[in-house]
Amino acid sequence: MQEFKKEVSFVEKNKIAIKKKNMFIVNYIKDVFNGVKSLVVGLRRTMYYFSHHKEIITEQYPDNRDTLVLPDRFKGEVILVHDENNEHACTGCTACELACPNATIKIITKFDISPEGKKKKAIDKFVYHLELCTMCNLCIVACPTDAIKMAQTFEHSVYNRAELTKVLNKQGSKIREGVE
Amino acid sequence: MLSFSNISKSIDTWLNATFNSTWTMLFEMVIAGVGVISLFAILGLVLVLMERRVAAWIQIRLGPNRVGPGGMLQSLADTVKLLVKEGMTPDGADKFLFNLAPFIAIIVAMLLMAPIAFAKNFQLWDMNIGVLYVTAISSIMVISILMAGWASNNKYSLMGAMRSGAQIVSYELSAGLSILAIVVLSGSLNLNDIIQSQADGWWIFKGHIPVIIAFIIFIIAVTAETNRAPFDLAEAESELTAGFHTEYSGMKFALFFLAEYINVFIVCAIGATLFLGGWMPFHIGNWESFNHIMDYIPSSMWFFSKTFFLIFLIMWFRWTFPRLRIDQLLNLEWKYLLPISMFNLLLVTAMAILGWHF
């Protein structure tokens with residue numbers, strides 16, 4: 001019985017080998033055909049693009065500067081949001097400074113004296129080093145009062161490196177009422 | 001009627017009337033040389049711009065649009081830039097060979113211009129072995145590339161040159177075999193005779209499927225022979241940093257660049273001559289009136305439109321297909337193109353003997 005089984009398997013193997021031999025030329029032609037087919041698919045795609053060249057996907061940047069629309073998640077630089085009364089929402093908690101991975105933000109605090117005579121912590125200067133910033137968005141996530149956000153400006157070139165160190169809080173601005 | 005052949009004939013008669021035969025010969029040579037060089041310059045400008053525009057449109061961009069109206073002067077600006085740049089020779093390079101290589105490349109391209117029929121009765125040299133001449137001369141191209149790669153004394157250059165050698169030597173076979181298909185059908189090596197044999201229809205229409213297969217193989221092989229993508233292993237910007245012309249700068253680089261485009265033009269002109277009838281207008285068998293209408297379009301127009309169609313085809317390939325690896329490249333040639341083209345040649349021969357073509 002064992003012998004017989006062996007015999008069968010040998011015959012099977014032989015059959016497969018013969019089949020493979022016969023299949024060789026078929027596979028060869030199939031190869032050529034499939035290769036040509038896949039190339040034609042690519043050529044059709046590029047021909048479509050070529051013949052529809054009015055649907056360009058690139059931004060004609062300096063020409064369309066006035067009408068440029070950037071995607072919402074584009075991150076240009078950190079700004080401190082001021083409202084029309086020149087008030088912001090920054091409490092000076094330094095959460096953003098702590099969150100920043102490369103010390104881009106430095107918050108200098110001072111103590112305001114409220115009308116009741118109580119001392120209250122507030123920001124003196126919100127220093128932002130644009131040249132160090134990687135636009136990682138961690139400070140915006142860390143801010144508990146949503147005082148800072150990412151602006152969409154991106155034309156940051158200046159002639160002097162010192163100009164990239166910015167003070168974000170405007171002259172004479174103060175914290176908005178009710179923000180703790 | 002104003003045509004290339006009339007102009008050349010009138011110049012010839014005027015020169016013969018004014019000077020003796022030796023001076024006429026000399027002047028005609030100078031005129032031909034200047035003509036070829038100016039054609040080179042124009043082709044270089046036009047083809048580079050065309051390539052960039054085709055690439056841009058295929059990639060859904062605009063392409064050059066700053067210099068001149070619609071960016072038309074971009075390639076002119078590039079040429080000026082290359083002309084004023086310093087042509088440096090590296091310290092470790094073999095100075096003589098390094099400086100010689102680009103000139104060999106451009107001389108080969110110039111020599112290849114000789115047998116091409118640009119219009120009816122307008123040819124630099126009507127020789128009876130035009131096809132053989134073209135295949136023989138175009139293989140000298142590999143020497144300039146090997147020379148450049150070796151003399152640069154740079155591993156990337158040498159690698160690119162070696163790849164290019166393997167590539168050109170192997171793809172010449174299938175290019176030659178596919179050219180032979182047409183030689184078998186027309187029974188002549190003379191390019192003019194081949195064009196004349198297509199007076200009642202171009203070979204690509206007359207020759208049924210075997211000639212179409214030969215045409216496809218020819219296009220693939222010449223794309224490889226001119227070192228253009230997807231067969232640009234000799235350059236391979238991303239792996240070999242431009243391969244054999246890594247060390248070249250300024251005008252020497254420009255000569256290589258120009259030679260590449262001139263070669264593309266030449267192989268497309270040969271392809272157009274062999275398969276699409278050269279300057280022969282679109283004729284269908286014995287439709288006399290239709291053929292007569294087609295004859296009104298000047299022959300030079302036919303030649304250049306066919307050639308530029310083939311050039312567009314090759315550019316289309318370049319911006320569609322990814323680059324092959326060296327083993328894939330040689331596989332494609334030795335395992336696919338060569339057996340297919342040999343079998344195809346057999347088929348074409350049988351067809352020619354039995355008269356199965358139109």
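Visitor: How many residues of chain A are in contact with chain B, and with how many residues of chain B?

Guide: The model is a predicted one. Contacts between the two chains involve 19 residues on the side of chain B. On the side of chain A the number is 17 residues.

Visitor: Which residues in chain A lose the most area to chain B?

Guide: Chain A and chain B bury about 1700 Å² between them, with 74% of it on carbon and sulfur atoms. On the side of chain A, three residues together account for 32% of what that side buries. They are Tyr28(A), Leu43(A) and Phe50(A).

Visitor: Which residue of chain B forms a salt bridge with Asp63(A)?

Guide: The rule finds one salt bridge across the interface of chain A and chain B. Asp63(A) sits in the loop between helix H1 and strand E1 of chain A, and its partner in the loop between helix H2 and helix H3 of chain B. Both residues are exposed. With the closest N and O atoms 2.9 Å apart, the partner is Arg66(B).

Visitor: How far apart in sequence are the parts that the pair of Glu51(B) and Arg228(B) ties together?

Guide: The side chains of Glu51(B) and Arg228(B) meet in a salt bridge at 3.0 Å, N to O. Glu51(B) has 3% relative accessibility and so counts as buried; Arg228(B), at 1%, counts as buried too. Glu51(B) lies in helix H2 of chain B and Arg228(B) in the loop between helix H10 and helix H11, so the parts tied together are apart in sequence by 177 residues.

Visitor: Which residues do salt bridges that share partners join into one network with Glu51(B) and Arg228(B)?

Guide: A search of the whole structure finds ten salt bridges over all chains. Those that share partners join Glu51(B) and Arg228(B) into one network with two further residues, Glu260(B) and Arg318(B).

Visitor: Is the pair of Trp202(B) and Trp302(B) stacked or edge-to-face?

Guide: Planes over 60 degrees apart count as edge-to-face. Both Trp202(B) and Trp302(B) are buried. Their ring centres are 6.1 Å apart and their planes stand at 80 degrees, so the pair is edge-to-face.

Visitor: Which residues form one aromatic cluster with Phe118(B)?

Guide: The structure holds 23 aromatic pairs over all chains. One aromatic cluster includes Phe118(B).

Terms used: Residues numbered from 1 in each chain as written. Chains lettered and ligands numbered in written order. Predicted model: local features only at pLDDT ≥ 70, side-chain atom pairs only at ≥ 80, totals over all residues. Heavy atoms only, no water. Contact = heavy atoms within 4.5 Å. Buried area = accessible area lost by both parts, 1.4 Å probe. Salt bridge = Lys/Arg side-chain N within 4 Å of Asp/Glu carboxyl O. Phe/Tyr/Trp six-rings, centres within 6.5 Å; stacked < 30°, edge-to-face > 60°. Buried < 20%, exposed > 50% of the residue type's maximum accessible area, 1.4 Å probe, protein only. Helix = DSSP H or I, 4+ residues; strand = E, 2+ residues; numbered from the N terminus.
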